[in-house]
Structure formats: structure tokens, C-alpha cells
Amino acid sequence: MLSLNNIFETIEMIDKQHLDIRTITMGISLLDCICEDEKRCCDKIYDKITRQAEHLVKTGCDIESEFGIPIVHKRISVTPMALVAGSTDAKSYVPFALAMDKAAKDCGVNFIGGFSALVQKGYTGGDRKLIASIPEALAETEFVCSSVNIGSTKAGINMDAVAQMGRIIKETAHLTASQEGLGCAKLVVFCNAVEDNPFMAGAFHGVGEADTVINVGVSGPGVVYHALQSCKGQPFDVVAETIKKTAFHITRMGQMVASEASHRLNVPFGIVDLSLAPTPAVGDSVARILEEMGLEVCGTHGTTAALALLNDAVKKGGVMASSHVGGLSGAFIPVSEDEGMIAAALDGTLTLEKLEAMTCVCSVGLDMIAVPGTTTAETISAIIADEAAVGMVNSKTTAVRIIPVEGKKVGDMVEMGGLLGSAPVMPVHEKSSADFIARGGRIPAPLQSLKN
Amino acid sequence: MKAIVTVVGKDQVGIIAGVCITLANYNINVLDISQTILQGYFTMMMVVDLNECETPFDELRQGLKDFGEGRGLSIRIQREDIFDAMHRI
């Protein structure tokens, strides 16, 4: 029998500690939409998405109402568009992004991911056209998210793509300058991208996936923070145990919602992504969890160790609670979307270098970071290369979502709006990496033994 | 289908009576009640059976909420499964 305490513990988590299901993401394969004619291909894409996801939002809202648990986002991810559009002789892939955008709008979801290309080893013709179309596609659409995988542990790093993505990010920022470079918040550059990620902006539906699946991303930094307040001054063994137990509770709920959504939509359940995803709301911050462990400000010495413990304990607790775990599964550290991170960056304690170190032990990377508009494309490429190297060598996913905001300088605030939050513009090194980036070619895949 | 109704608010005469009448009007059977005063607040949990209830869930949830708001009570109804999932292995 459930006790009064159990019931009210759950209600308090939802009411006061921001416990929610962060996203239900429907992954839809578009491989059966491949066709030679551009217009017909776009029509097929629109038709398939709207047919499969017709009831997604309604089902999400019904579950929210019946179970009393907020489901913040309902989203769609699709097959990397370069694979689908590559069959046509279209010169620009912007029409494909517009078809995705219209489908997303008509389904009522708030993002659609998959305007993507996978070029870790090399480009196809479709990949080239898609990447060239990214700035315009992101400027002309509202809901479309884009991602490019430029490296992997098995393939190494495609430095030509790294160099190009620096320019693409600059151009995207330029075309969306009136919205403080918002387009760049919808563009992720990955190393070791995963095929079943439900979180935006990096979600796409991999080719190894079923035709349609339901993936769920849980959240709950506030719940972990609250639980840790009860073990002040205790050794790390107690801290790890407490996080594990909390993660277990959170993930069980995610699993239940995923099964329910999968059953109602008659779509197979894919995975639960065990992530701690913060929001800009006070009390929903990953940085504050690290500070609760005893750090004065997130970013000071000890932050990487604290994050390593947190990330590992969340996974250990969550794995047993779900039948299939996947996606990115790790604590997120997006600067603009985390109230504590924003404060730490404003304070000057949290720097780009420390964030890079932190990404060695958690997902996903240098995320939602605003840098001065004067930052060169080569410097952005070099930042991407560093981050990709961390992912490649450590066999983990890393990513860069960076926003060079035109007209802004270090210390200025950038407002992204909504859950994208606001970020202080952070300093980057002034010394040039241009000759390094100009080399191009590929960084070979790393050795996977003799690890030191 | 079983659901859990929770009621929290300032203690006053007739809370249980009022909630039970409202539930009865929706043709909802009460299976179990557990109630206490926590930190000065009336706190109650009821396990209810919705099999005979024909009102859509969303409307029912709103109806209970409205009933509570007029009396300074926070009333919610949630499917039992969410609590089972979180607290039972």
C-alpha cells in the first residue's frame, strides 16, 4: 500500500522541485520518402511526419493531465536530411527545412530535429549541399534544428568539416543577428553523435532505428539538489547513494510515461535518456547541485570531480529504473539554460576552459555559450576541434553549440528567450588558430589501448 | 482505473464530506482514505475507483480543482500508476 508520505513526496517533487518529463520525442524515419523529384520528396516528408505524429501532442497532454506530471516538450526527430534530400538534384536544401517546419507547426510540436549531416569521415554531395543550406534554413524556419557530426572515435575528426562549421556558425549568427544569433542555438556540431537522442537541438533519427519510435528525456536537477540538502557535510559515499536513489525515482517515472505514450500511440518504445537537464528557473540548476556538494561557485577547483560523481551516480541510479537506456544520458551543462551556470559565468569563475574540462566527465559539451561577435570563424572551428578531440579520445559524445553574437562584447548579456535562457558573453583567446584550421584533412582515429 | 485524490489545505469543518459528495456526484467510488494533520495543514489521500465515472479525466480534474479553490484547498487527482512506478519495484 502506498503511504501518505510516498504520495506527498511525489507531489512535492513535481510542485516545488521542478520534477518533469523534459521531452517526449517521436523519432520518424524518412528513408521511405526518398525520391528523385524535389517537390514530391518534400510533400512525402510533410505527409509522413504529419501522419505519424498527428496525435503526439494530444497524447502528451492527456498523459500530463491524467498523471499530473508536466511534460515540457513534445518533439519530433527525423532521419538526417542529407540522406533523404541527397537523392534529388536540388541545389539548396532550404525547401526541405521548410517542409519540416510546416510539418512541425501543423503537428503542434515546438522543435523538429534532423536537418543534419554525418560527415565524420567525409562528405557526400548531399552532405555538402545540406551544410551549405544550414544558415538560410535556420534563418527562415522557426522550429527546425540542425546538427552535423564531424568526428567519431572510429573515424577520427574531419578537419575540413570543422573548418567549414566555423564559417557556417558565423553565417548563421549573421543571418539571425536581429534575434541575437538565435539560429546558432538551433545548431549543434557533434563528435560521436548518438542516433536516439531525444533532446534538442541535436536530435535526429538514426538509420539503425525502427520506422517510428518514442524516446523520452527525463529531468530533475531540482529534485537532486533538494535531496542533497539533507546530507550536508556527509562523506561522498552518502552523496552518491542519495543521488542514485533520487535518479531511480525520477527515471521510473520517465519509464512509465514512455511506456504509456508508446502504448497509446501504438509506436514502439525506444529509450529513456537519463539526463539532468536544467532550465533557467531558480531551483532547476545543475550548477547549484555542484555547489551544494561544497563548492563556493560552480567552476572553481573541484567542479570536475563533483560533476563526475553526479553524472555517474545519475546513470547508476537510472539504469535499473528503465528497460532501455540510451540517448545522451548524462548531466547537461548548457550555460544559458542554467541559472547557476549563468551566475557562475557572470562571476568570472566559470570559464570556457573549465567548461571544456567538465565535458570530459559529463554530456554533452560546450553548450549554449555566447561569445563576442568579433570571434573569428577559425577560432570557433578550433573550439570545435578541441571539444571533438575530447569526445573522440574518451569514446563519448561531445558537442559545441556556440553563439557568436554580433555587436556584443565580453560581459554583455544575450537574451535567447524561453527555455533557451540568457547568457553572458564569455571571453575567448585572442591568439590565432587560423593556420591550424587552414591545414584541413583528417585527424586519424585514436588508439584504443595503451590508455594514459 | 484507480486514481489517487489528494487534498491539502487549512483544516475546516466538512472537508471530507464535501470531497466525498463531489466524488459521488461523478459516480466515483472511494476505496480507501488516509488522513492526518501535517504542519498544521489538513492532508488527505484517497484511493478511488473511476470505472463507473463517465466524465472525461480532464474535466474531472478541473471540477475537483475548482471545488477546492473555493475553500482554500488544493485538490488533485492523478492516476495511481505514477506513484506505483516511483515507489514500488
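Into which domains is chain A divided? Chain A is divided into domain 1 (25–191) and domain 2 (216–437), with bounds that come from an automatic or database domain assignment. This is a predicted model, in which local features need pLDDT of at least 70, side-chain atom pairs count only at pLDDT 80 or more, and totals for chains, interfaces and linings use all residues. Residues are numbered from 1 along each chain as its sequence is written, chains are lettered from A and ligands numbered from 1 in the order in which they are written, and side-chain values use heavy atoms, with hydrogens and water left out.

**The interface between the domains**

The centres of domain 1 and domain 2 of chain A, taken over C-alpha atoms, are separated by 22 Å. In domain 1 of chain A, 38 residues are in contact with 42 residues of domain 2 of chain A, where contact means heavy atoms within 4.5 Å. The size of an interface is often given as the accessible area lost when the parts come together. Here the two domains of chain A bury about 3200 Å² between them, 71% of it on carbon and sulfur atoms; buried area is the accessible area (1.4 Å probe) that two parts lose on being put together, summed over both. A:Lys170, A:Glu180 and A:Cys191 supply 20% of the area that domain 1 of chain A buries against domain 2 of chain A, more than any other three residues.

Between the two domains of chain A there are 2 salt bridges, each a side-chain nitrogen of Lys or Arg within 4 Å of a carboxyl oxygen of Asp or Glu. The side chains of A:Glu66 and A:Arg264 form a salt bridge at 2.9 Å, N to O.

Not counting residues up to four places away in sequence, A:Thr59 touches A:Arg264 and A:Leu265. With neighbours within four places in sequence left aside, A:Ala385 is in contact with A:Ile157, A:Met159, A:Val162 and A:Phe436. A:Ala385 and A:Ala305 lie 80 residues apart in sequence and 24 Å apart in space, C-alpha to C-alpha.
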